[in-house]
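The paragraphs below go through a structure step by step. Please keep the sequence and the coordinates open while reading.

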Amino acid sequence: MADIVLDKVSKKFPDGTTAVRDVDLEIADGEFVILVGPSGCGKSTTLNMIAGLEDISSGELRIGGQRVNDKAPRDRDIAMVFQSYALYPNMTVRENMAFPLRLAKMDRATIDQKVDEAAKVLELTSLLDRKPANLSGGQRQRVAMGRAIVRQPKAFLMDEPLSNLDAKLRVQMRTVVSRLQKQLGTTTVYVTHDQTEAMTLGDRVVIMRGGAIQQVGPPQELYDHPNNLFVAGFIGSPSMNFLPATVEEGRLRTALGDLPIGDRIRRELEGADAPRELILGIRPEHFEDAELVDEQTRDRGMEFTAPVDIVESMGSDKYVYLTVEGGRATAAELEELAADAGAADFAGAGSNLVTRLSAESTVTEGEDRRVWFNLEKLHLFDPSNGRNLTLHEGRSAGALAG
Amino acid sequence: MADTTARRAKLQWGLLNAVVVVFALIPVLWIMSLSFKTPATLTDGKFIPREWTLDNYRNIFGTDQFVRALINSIGIAMIATVIAVVLGAMAAYAISRLDFPGKRLLIGVSLLIAMFPQVSLVSPLFEIERQLGLFDTWPGLILPYITFALPLAIYTLSAFFKQIPWDLEKAAKMDGATQAQAFRRVIAPLAAPGLFTTAILVFIFCWNDFLFAISLTSTERSRTVPVALSFFTGASQFEDPTGAICAAAVVITVPIILFVLFFQRRIVSGLTSGAVKG
Ligand SMILES: Nc1ncnc2c1ncn2[C@@H]1O[C@H](COP(=O)(O)OP(=O)(O)OP(=O)(O)O)[C@@H](O)[C@H]1O
Ligand SMILES: [Mg+2]
């Protein structure tokens, strides 16, 4: 077990692509860190550099305090689980799991004992004599895990280990991974595309974009206090709603009405180089059916009326899609997010609002509905650089903050 | 409806296959038939021999000439095959997996060798081998065979290596294997079908060669069967050697068939299934 430190690590491929740029990251001993980001942002490359499968172009990588830049993978004592499982098809499950131990020249009895132990943890005991071809996807995945845990390495690296499984199995395996990591307490770096995995599995989440880290923090913190437009749009499902907003006479003009601005933000917006055009961000759960809001809560927010487009009842609550006037918010980050999610899935930038209302709401499709939203949970972004203007000393206090 | 069309299609394919097989096999069967005929009935034009005899076979195995040539053929082809496949495997592995300076050059040169007309090399090779004392020796044939078999080996093998998921090798490295261990314990077993296929092709190439064998040998010391056949004369000058030649031709086909049958069992497809998903 060991900590992993990336110090200004960069990767430049021979063809000139810079896949990873100046990544600084400290992963504590025993920590479970998730790398997440859109396709091509350099997650796998980062992981492969930690593994030793890719050379580090510049910067330093330390594992357990030791510089390992020039060490071969086999000398780093790290295990990796691949997206493709990468089981050796010519070997049985037992042989697959014993492979790293045999290479380490352990004696037979120890190998057998360790393999049996790992097989028991992963419920593979009855499958030990099968070949990988005769296993189901989930079983193969567990064998791949087993091969990683048998030799008790300093750290686990996992590159989208569950992405080949179907949805149900993925949920199941997620808990297996989580339990296993807690039980073993081994430092783990986990790459994923799936934001549910990112939110639920890790101690900390690292969000990457274009080879650079956008924000690092515990999942809840990223959700509540995103540094910038990209993080705000990437974390959360359905994603945050984004609307264009302009500053006029000390108020914020938006499709939801004129909103008051707090003193601190106003001061910031009064600067000569301050942007006139802003992007307003509100998460779906910060809306509520106006009928269901009590007096006390009502004061903390504002109301508006909008035609209801679609109502999706989830049982526990209702997703309600509202149409609002005004154009779409535009920013490079939003386009990138839309491209990654597939335009249909990323409604955030459209002139449609996604809201999550209580299940008791009597809202019906086609009517005009009065909807309340929480002013304290608003985010304001600068479209030119994506910065979250509502963030103060790492905390977001809404546009009203004084 | 669908059933009958499927049956029709099957029938048509079966018919086509039969035509091809018969077309390919008639000369072989004809030679077999000739090899069992007596000298008197040799030219009677009958497909099935009227009088069966094993004399032809007895004769060829009775002559030292043929047996010696058979040993030469087997030895030379086997040694050349093993060396070409081992060297080819290493080269193909490097080509398909590693990025090294001169990779394109290596591919280009091997392609060049494959395209080079072999006839034009016979006289220079003859001179060189005489100077070096390789003329009319086993190495004198094995070396050019390897040269011309290598491009073939490299091409077929690199195609096979490219099919093996690269993740397997990465996994082996993560599990603590050196590059050599990864190749020997993970990649090579998976490449086995490719190795056997290549071995068959190279073996057949060496076994069938006539050009080099006739130009670079002069005695029974290293003469291979295809050449020895052309020197067959029969017991006396007036005897027709056709029957003996046919018997010899049948005999030299047997090792190839055995070789292919033996290795064919190992060319099972789907050896890599279960390694990776997708
Ligand atoms: N061998 C290579 N040569 C050149 N560029 C490469 C190479 N490997 C990856 N890249 C580039 O580096 C960038 C990062 O790739 P990487 O595989 O790390 O992305 P990723 O975040 O893992 O994406 P995904 O989620 O799709 O797996 C990509 O733009 C990719 O095109
Ligand atoms: Mg990847």
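Which residues lie nearest the centre of the largest pocket? They are A:G52, A:L53, A:E54, B:W166 and B:K173, out of a lining of 29 residues. A pocket here is an open set of points on a 1 Å grid over the protein atoms alone, with protein on both sides within 12 Å along at least five of seven lines; a cavity is a set of points where a 1.4 Å probe fits but cannot get out, and lining residues have an atom within 4 Å of a point.

This is a predicted model, in which local features need pLDDT of at least 70 and side-chain atom pairs count only at pLDDT 80 or more, while totals for chains, interfaces and linings use all residues. Residues are numbered from 1 along each chain as its sequence is written, chains are lettered from A and ligands numbered from 1 in the order in which they are written, and side-chain values use heavy atoms, with hydrogens and water left out.

The largest pocket holds about 740 Å³ of space. Such a volume is the space filled by probe spheres set on the grid points, which are joined across faces, edges and corners. Both chains contribute: α1 (43–51) of chain A, and α3 (64–97) and α7 (166–174) of chain B, each supply at least two lining residues. Helices (H or I, at least four residues) and strands (E, at least two) are DSSP runs, numbered from the N terminus. The largest share of the lining, 4 residues, comes from α7(B). By class, the lining of this pocket has 13 charged, 10 nonpolar and 6 polar residues. In this scheme Ala, Val, Leu, Ile, Met, Phe, Trp, Tyr, Cys and Pro count as nonpolar, Asp, Glu, Lys and Arg as charged, and the others, Gly among them, as polar.

Chain B also contains helix α8 (residues 179–208), which has 30 residues. Its end C-alpha atoms are only 37 Å apart, short of the 44 Å that a straight helix would reach at 1.5 Å a residue; the expected span is 1.5 Å times one less than the number of residues. Where is the kink in α8(B)? A kink of about 55° lies at B:A188, shortly before the proline B:P189. The bend at a residue is the angle between axes fitted to the seven residues ending there and the seven starting there.

Chain A has a 6-stranded open sheet in the order β6-β7-β8-β3-β9-β10, with mixed pairing. Two strands pair if DSSP finds at least two bridges between them. The edge strands are β6 and β10 (212–217) of chain A, each pairing on one side only. Neighbouring strands of this sheet are turned by 20° against each other on average, direction ignored. Within the sheet, β3 (residues 32–36) and β9 (residues 204–209) of chain A pair in the parallel sense over 4 bridges, and A:L35 has A:V206 in β9(A) as its bridge partner. A:D77, in the loop between β5 and β6 (78–81) of chain A, has a phi near 55°, a positive value in a residue other than glycine.

The structure holds 1 cavity of 30 Å³ or more. About 40 Å³ of space lies in the largest cavity, and its lining consists of A:M145, A:A148, A:I149, A:F156, A:M158, A:V177, A:L180 and A:Q181. The elements giving two or more residues to this lining are α4 (137–149), β7 (155–159) and α5 (167–184) of chain A. By class, the lining of the cavity has 7 nonpolar residues, 1 polar residue and no charged residues.

A further open sheet of chain A has 5 strands in the order β13-β12-β11-β14-β20, with antiparallel pairing. Strands β13 (257–260) and β20 (379–381) of chain A stand at the edges with a single partner strand each, so one side of each is left without a neighbour in the sheet. Strands β11 (residues 241–248) and β12 (residues 251–254) of chain A pair over 3 bridges, with A:L252 in β12(A) as the bridge partner of A:V247. The loop between α8 (229–234) and β11 of chain A holds A:P238; the peptide bond from A:S237 to A:P238 is cis, with omega near 0°.

Elsewhere in chain A, β1 (residues 4–12) and β4 (residues 58–63) pair in the antiparallel sense over 5 bridges, and A:I4 stands opposite A:I63. Strand β4(A) is also joined by 2 bridges to β5 (residues 66–67) of chain A, running antiparallel. In the hairpin of β4(A) and β5(A), with 2 residues between the strands, A:G64 takes a positive phi near 60°.

Key: Axes are lines fitted to C-alpha atoms, for helices over the stretch in contact, and angles run from 0 to 180 degrees between N-to-C directions.
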